[in-house]
Amino acid sequence: MIWGIFKRDMCHATRNVIAVIVSMGLVVVPALYAWFNIAASWDPYGNTKALKVAVANNDKGYKSDLIPVRVNVGETIISTLHANDQLDWQFVKSDKAIDGVKSGEYYAAIVIPKGFSADMMTLFSPDIKHAQLKYYLNEKINPIAPHITDQGATTVVNTIDKTFAKTIAQVGLDLASSILHYSQSPQMAEYMRNLNGNLTTMADTLSGASQQVTSYSQLLGSANDIVDSTGKLLASATKAGKQAQNALKQGKSGATSLTSAGANVTSSVNTALDQVSGAFDQVAAKVNKAFDAIGKDSDTAASQLATLSEQISSGESLYDTYITSLNHMRESVEQLPDSDSAKQALLEAIDREITLLEAAKGDSQKLAQQLKDASTQVTQDTAAAERSRKEILNRITSAKQSISNVRDDYATNVKPKIDALASTVSTLISQTDSMITQLSGTADDLDDVTGDAGTNVTSIRSTLGAIAKKLDSSAATVKELITKLETGGNAGDGNSDGGNGGNDASSSDSGESDELRALATANASTLSTLISAPVALHRVSVYPIANYGSAMAPFYTILSIWVGAIILCAMLKVTISDREKAHVLGLGDTLPRIAGPSGPGNASRWGLRLDHEYFGRYAIFALLALLQGTLVCLGDMYFLGVQANHALQFLAVGWLAALVFSNIVYTLTVSFGDIGKAVAVVLLVMQVAGSGGTFPIETLPKFFQMLYPFLPFPHAIDAMHAAMAGSYGNEYLLDMVYLALFLIPSLLLGLVLRKPVIRLNNWVSRNLESTKVM
């Protein structure tokens with residue numbers, strides 16, 4: 001029965017040209033659907049050069065003392081993009097770039113801001129800023145284009161980072177290489193010697209400065225002691241000043257008394273000198289009287305002259321007393337300051353007065369001696385006595401004149417100066433009293449100053465001590481630097497320290513120098529590239545796929561096979577007419593009336609059961625579905641060049657998928673009619689979203705992740721992937737088994753569960769036909 005139905009279906013399908021063309025179309029259309037999609041997505045990311053992306057450079061560049069050369073990273077970006085064909089870069093102004101993104105002329109725009117270079121160079125400052133590119137994106141033009149342009153923008157950023165890092169590293173390595181080569185030159189050796197000399201001088205200077213600061217601190221310590229002593233001295237001075245004020249008060253009254261005493265002395269001196277002068281007149285009269293008596297009574301004359309000699313001798317004490325008083329006065333005058341103009345004149349007057357007194361004293365002594373000699377001569381020789389008389393009288397006259405000179409000199413020179421001195425002393429005492437009063441106030445002020453000065457000096461000494469320590473530390477650091485430079489220079493020259501092979505420091509420095517030399521002599525470009533991108537991604541493909549089109553081929557191939565199954569059910573009848581049943585049964589053109597209304601199973605009494613009808617009509621569906629699967633798979637492999645490491649397995653997946661999908665769609669249509677066709681379309685939509693053919697199933701919503709194992713698409717796609725690139729274990733066979741298992745519920749519905757709904761389906765069909773529209 002099944003074979004009979006299939007033969008008649010094949011005869012009807014090949015009876016005329018139109019039927020053949022339609023049959024061929026049913027086979028080819030699904031393949032075209034798959035091929036167009038696979039070819040369109042063959043290499044989409046390799047054709048991004050047609051995507052227009054605008055680039056605007058507003059970078060003003062950067063220049064500093066550290067890097068005297070003008071740096072403009074924006075210009076470097078533009079130059080790099082000119083050589084990049086990843087996208088269709090459009091170099092325009094910033095306003096046009098932004099407007100072009102809004103209008104859809106450009107898919108995206110990259111705007112380099114004014115301070116881009118300056119922000120990049122903050123790498124060398126404490127305040128580091130991230131340089132930012134402004135990226136404008138039109139997301140409504142195409143769902144995939146933003147991701148492609150994002151990739152292009154990311155590539156630009158990565159290129160900038162690598163280029164910047166590579167440039168900095170290359171400049172540093174070139175500089176290190178130049179320094180290393182220069183360090184081997186004679187000029188560098190000379191500079192190192194000069195540097196060591198300057199550093200040695202600097203270290204000595206710092207040590208000397210430390211010693212000076214320490215000495216100054218000690219000096220301030222002594223000054224602090226002086227300040228303390230000064231305070232005590234000022235206190236004593238204040239006390240002494242008060243005592244001096246009391247003494248000056250007494251001195252002031254004494255100066256007043258000095259003036260009156262000077263007047264009394266002058267009066268007494270004048271009286272005394274007048275008396276001495278009168279006494280000489282009496283002595284002269286007595287001498288004459290004595291000499292007149294020589295002839296009458298020589299003994300009496302001699303006695304009188306002797307008496308006069310004794311009287312004059314006894315008067316010498318008056319001269320001594322006067323001279324002693326003048327000497328005391330002279331000592332007092334010598335205590336006066338040298339700046340006093342009256343001092344020297346008064347001293348000269350006193351000295352002259354003393355000289356005159358001593359001369360007068362000498363005359364009196366000579367007079368007394370002559371009188372004594374005359375007292376012995378008057379008894380011996382009258383003539384000699386007469387000569388003595390004349391000499392004595394002349395001596396008296398001379399002595400009298402000396403006394404007059406003393407008196408006149410005292411009145412003229414000594415007395416006025418004594419009076420002036422008394423006046424000066426009085427004025428001096430008044431001024432000194434005022435000065436001591438001021439000194440007392442000043443001493444009180446200075447007492448506070450000395451206290452503050454002592455505190456400040458202590459603080460300054462503490463600061464100077466810290467400075468001295470810093471200077472010592474700096475000197476030690478400079479000396480250590482000199483030692484390291486000398487050691488580094490010796491290590492760089494390859495010198496050793498003798499038979500022991502050099503000390504550990506020299507060996508270490510030599511090793512570091514060798515490493516630096518090896519680093520500097522290496523290829524700077526290679527090293528800078530390594531530094532800019534220290535990690536290289538070594539891509540190891542597991543089950544490699546040749547291209548994006550091959551990767552998408554399983555999804556579009558399986559999808560087209562399902563679409564082909566829906567087309568078959570749309571174009572071919574799934575039910576068998578009564579006439580066809582009669583011809584299969586050999587009953588002519590119609591079934592007997594007892595068969596009842598036309599429908600599935602109405603010829604079962606003549607041996608054409610429901611399962612015969614199911615499989616008999618499905619046979620042509622299966623044949624066309626297998627042709628669809630064969631054509632699309634062969635076209636994938638040999639027309640498009642899709643990768644297929646296992647071609648037969650690839651074809652087997654297409655065949656099994658064609659049978660399973662066509663049976664599912666056929667069963668739905670047979671069971672539910674047009675509603676079954678709609679259900680087949682719904683299943684198609686669900687599997688497009690939840691098959692994992694485009695995006696990993698893990699990236700889909702939870703609902704699709706739960707639905708994933710219960711759909712045929714994922715298993716068919718996985719099996720085709722395994723056939724294309726290779727299978728892990730029994731992966732291919734398991735996926736084929738899972739795919740074949742979907743025939744069980746489909747056959748169960750078509751053969752068992754279909755019977756209860758046949759009447760319902762017939763009723764629905766009659767009502768739809770009665771509408772004359774459906």
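1. Basis of the note. The model is predicted, with local features needing pLDDT of at least 70 and side-chain atom pairs counting only at pLDDT 80 or more, while totals for chains, interfaces and linings use all residues. Residues are numbered from 1 along each chain as its sequence is written, and side-chain values use heavy atoms, with hydrogens and water left out.

2. The largest pocket. This pocket (on a 1 Å grid over the protein atoms alone, an open set of points with protein on both sides within 12 Å along at least five of seven lines) holds about 870 Å³ of space. Among its 35 lining residues (those with an atom within 4 Å of a point), Thr575, Pro600, Asn761, Asn762 and Ser765 are the closest to the centre. Two or more lining residues come from each of helices H14 (548–571), H15 (578–585), H17 (647–672), H18 (674–690) and H23 (758–770); helices are DSSP runs (H or I, at least four residues), numbered from the N terminus. H23 gives the largest share, nine residues.

3. The largest cavity. The structure holds one cavity of 30 Å³ or more, a cavity being a set of points where a 1.4 Å probe fits but cannot get out. The largest cavity has about 50 Å³ of space, a volume being the space filled by probe spheres set on the points, which are joined across faces, edges and corners. Its lining consists of Val574, Thr575, Ile576, Pro600, Glu613, Tyr614, Tyr666, Val670 and Arg754. Helices H16 (610–640) and H17 each give two or more of these residues.

4. Helices H1 and H16. The axes of H1 (residues 2–13) and H16 come within 8 Å and cross at roughly 40 degrees; axes are lines fitted to C-alpha atoms, for helices over the stretch in contact, and angles run from 0 to 180 degrees between N-to-C directions. The two helices are therefore oblique to each other, as angles under 35 degrees count as roughly parallel, over 145 as roughly antiparallel, 65 to 115 as roughly perpendicular and the rest as oblique. Residues of H1 in contact (heavy atoms within 4.5 Å) with H16 include Ile2, Ile5 and Phe6.

5. Helices H14 and H20. H14 packs against H20 (residues 712–725) at an angle of about 135 degrees, and their axes are 9 Å apart. H14 is therefore oblique to H20. Among the residues that meet are Phe555 and Trp562 in H14, and Phe713 and Met720 in H20.
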